[in-house]
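Please read it alongside the sequence and the coordinates.

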Amino acid sequence: YLSRRQVTTLHKHLGEVPAEFRNFLTLSDHQKAVNYATAKLNLSQVKLIWEIALMFYWFPFRGAEKLYLSIPFMDIHREVAFLAAFSLIQLLLNLPWSVYSTFVLEEKFGFNRSTVSLFITDRFKGLILAGLLGIPLLYALLFIFNLTGKWWWLVSFIVLTAFQFGLVWLYPTVIAPYRDWE
């Protein structure tokens, strides 16, 4: 609903640059921005239908349960393997949307700076980073759930907050240089 309203509002002002932007935005750039925003919103609407279909598969149709039961490990290892497998499958199922957004939609409007090689490399770096950071964090949280009883939420909050502060400190100096685009 909100996306449809936004598209309608954007197109009401397609022929004229808003007063706030007239000093630095040309009419053609404004129209390009409106058309790009419209295309992104339309894509997000179609993607939303896809995500709803996936959600129905995973939960009411018991896809998540089938995946969980197919994991051969036991105890905490099974939980971590399930969450990692679920995340990886979701990433793969949504990959076509990322490819389309980057190489079709952004290319159409001249915003794409990526190459296929760079796109694939960036995805692999993201997976490696998610594994290096996410798997130990999952083990820590699941260990906390099992160890702390009714106080699991407080201890988990403290651990996640400390983890986030640690990432804020580490990201610019350690992580970002390896995820740089150029």
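This is a predicted model: local features need pLDDT of at least 70, side-chain atom pairs count only at pLDDT 80 or more; totals for chains, interfaces and linings use all residues.

Helices are here DSSP runs of H or I with at least four residues, numbered from the N terminus.

**Packing of helix 1 and helix 2**

- The axes of helix 1 (residues 2-12) and helix 2 (residues 27-58) come within 10 Å of each other and cross at roughly 165°; since angles over 145 degrees count as roughly antiparallel, the two helices are therefore roughly antiparallel to each other.
- Where helix 1 passes helix 2, the crossing is left-handed.
- On the helix 1 side the contact involves Ser3, Arg4, Gln6, Val7, Leu10 and His11, which meet residues of helix 2 including Val34, Ala37, Leu41 and Gln45; by class, this contact has five nonpolar, eight polar and one charged residues.

**The largest pocket**

- The largest pocket has a volume of about 360 Å³, and of the 15 residues that line it, Ser87, Gly126, Leu127, Ala130 and Gly131 are the closest to its centre.
- Helix 4 (75-108) and helix 5 (116-147) each supply at least two lining residues of the largest pocket, with helix 5 giving the most, at nine residues.
- The lining of the largest pocket divides into eight nonpolar, four polar and three charged residues.

**The second largest pocket**

- The second largest pocket holds about 200 Å³ of space, and of its 10 lining residues the closest to the centre are Leu129, Leu132, Val174, Ile175 and Tyr178.
- Helix 5 and helix 6 (152-175) each supply at least two residues of the lining of the second largest pocket, to which helix 5 gives the most, with five residues.
- Eight nonpolar, no polar and two charged residues make up the lining of the second largest pocket.

Terms used:
Residues are numbered from 1 along each chain as its sequence is written. Side-chain values use heavy atoms; hydrogens and water are left out. Axes are lines fitted to C-alpha atoms, for helices over the stretch in contact, and angles run from 0 to 180 degrees between N-to-C directions. Angles under 35 degrees count as roughly parallel, over 145 as roughly antiparallel, 65 to 115 as roughly perpendicular and the rest as oblique. A crossing is left-handed if the near helix is turned anticlockwise from the far one by less than a right angle, and right-handed if clockwise. Contact means heavy atoms within 4.5 Å. Ala, Val, Leu, Ile, Met, Phe, Trp, Tyr, Cys and Pro count as nonpolar, Asp, Glu, Lys and Arg as charged, and the others, Gly among them, as polar. On a 1 Å grid over the protein atoms alone, a cavity is a set of points where a 1.4 Å probe fits but cannot get out, and a pocket is an open set with protein on both sides within 12 Å along at least five of seven lines; lining residues have an atom within 4 Å of a point. Grid points are joined across faces, edges and corners, and a volume is the space filled by probe spheres set on the points.
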